[in-house]
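Me: I'm new to this structure and would like a close look at a single part of it. Could you take me through the inside of the fold, and then show me how the outside compares?

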Amino acid sequence: FDVGNMAVTSSQIVKALPEIYPWPVTNCPLPPVDVNAADAPPIEAVLIFYWPSDWAMELQVVSDVLAGGRPLGAGTTGTPVQCAELWSSNPDFL
């Protein structure tokens, strides 16, 4: 599993893990990325650069990433810890 220093979109995650979002992703030409794979690197940050047209999918993936764990969204054992930084370029979001 080699992604290097790659950015991954919510659509790529949902394409690889359809169980985390109830509707199929049909408009993403990028390949699926399985972040639950044993050799997948951890997600270190969530970057929001735009106002998404589908907040439902974006917020589901962001919530799961912030909860962390493997599988994605399972959380960490013990004291809850935010597992990734959240950055947004839209001040209205924060």
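Reply: Helices and strands here are runs assigned by DSSP, at least four residues long for a helix and at least two for a strand, numbered from the N terminus. On that basis, this predicted model has 2 helices and 2 strands in its protein chain, and they come in the order α-β-α-β along the sequence. The chain has 94 residues, and 30% of them are buried. Of the contacts between residues at least 6 apart in sequence, 51% link residues at least 24 apart.

Now for the inside. The largest nonpolar core is made of 17 residues. Ile13, Val14, Ile20, Val35, Val61, Val65 and Leu72 are the ones with the most contacts within it. Helix H1 (10–16), strand E1 (45–48) and helix H2 each give two or more residues to this core, and H2 gives the most, with 4 residues. Let's pick out Leu72: setting aside residues up to four places away in sequence, Leu72 touches Ile13, Ile20, Val35, Asn36, Asp64 and Val65.

Take Ser11, which sits in helix H1. Its relative accessible area is 13%, so Ser11 counts as buried, because the cut-off for that is under 20%. Beyond its neighbours within four places in sequence, Ser11 is in contact with Val25, Cys28 and Met57.

Then there's Glu58, in helix H2, which covers residues 55–67. Glu58 is buried but has no salt bridge. Lys15 is the nearest side chain of opposite charge, and Lys15 is 13 Å away. What Glu58 does contact, leaving out neighbours within four places in sequence, is Ser10, Tyr50 and Pro52.

Tyr50 takes us to the outside, as Tyr50 belongs to a nonpolar surface patch along with Leu47, Phe49 and Trp87. Together these residues have about 520 Å² of accessible area. Phe49 is found in the loop between E1 and H2. With 61% relative accessibility, Phe49 counts as exposed, because exposed means over 50%.

Definitions and conventions. Residues are numbered from 1 along each chain as its sequence is written. This is a predicted model: local features need pLDDT of at least 70, side-chain atom pairs count only at pLDDT 80 or more; totals for chains, interfaces and linings use all residues. Side-chain values use heavy atoms; hydrogens and water are left out. Buried means under 20% relative accessible area, exposed over 50%, partly exposed in between (1.4 Å probe, protein chains only). Lys and Arg count as positive and Asp and Glu as negative; His and the chain ends are not counted. A salt bridge is a side-chain nitrogen of Lys or Arg within 4 Å of a carboxyl oxygen of Asp or Glu. Contact means heavy atoms within 4.5 Å. A nonpolar core is a set of buried Ala, Val, Leu, Ile, Met, Phe, Trp, Tyr and Cys residues joined through side-chain atoms within 4.5 Å. Patches are made of residues with over 30% relative accessible area and no salt bridge: like charges are joined within 9 Å, nonpolar side chains (Val, Leu, Ile, Met, Phe, Trp, Tyr) within 5 Å. Accessible areas come from the Shrake-Rupley method with a 1.4 Å probe; for residues, only the protein chains shown count as cover.
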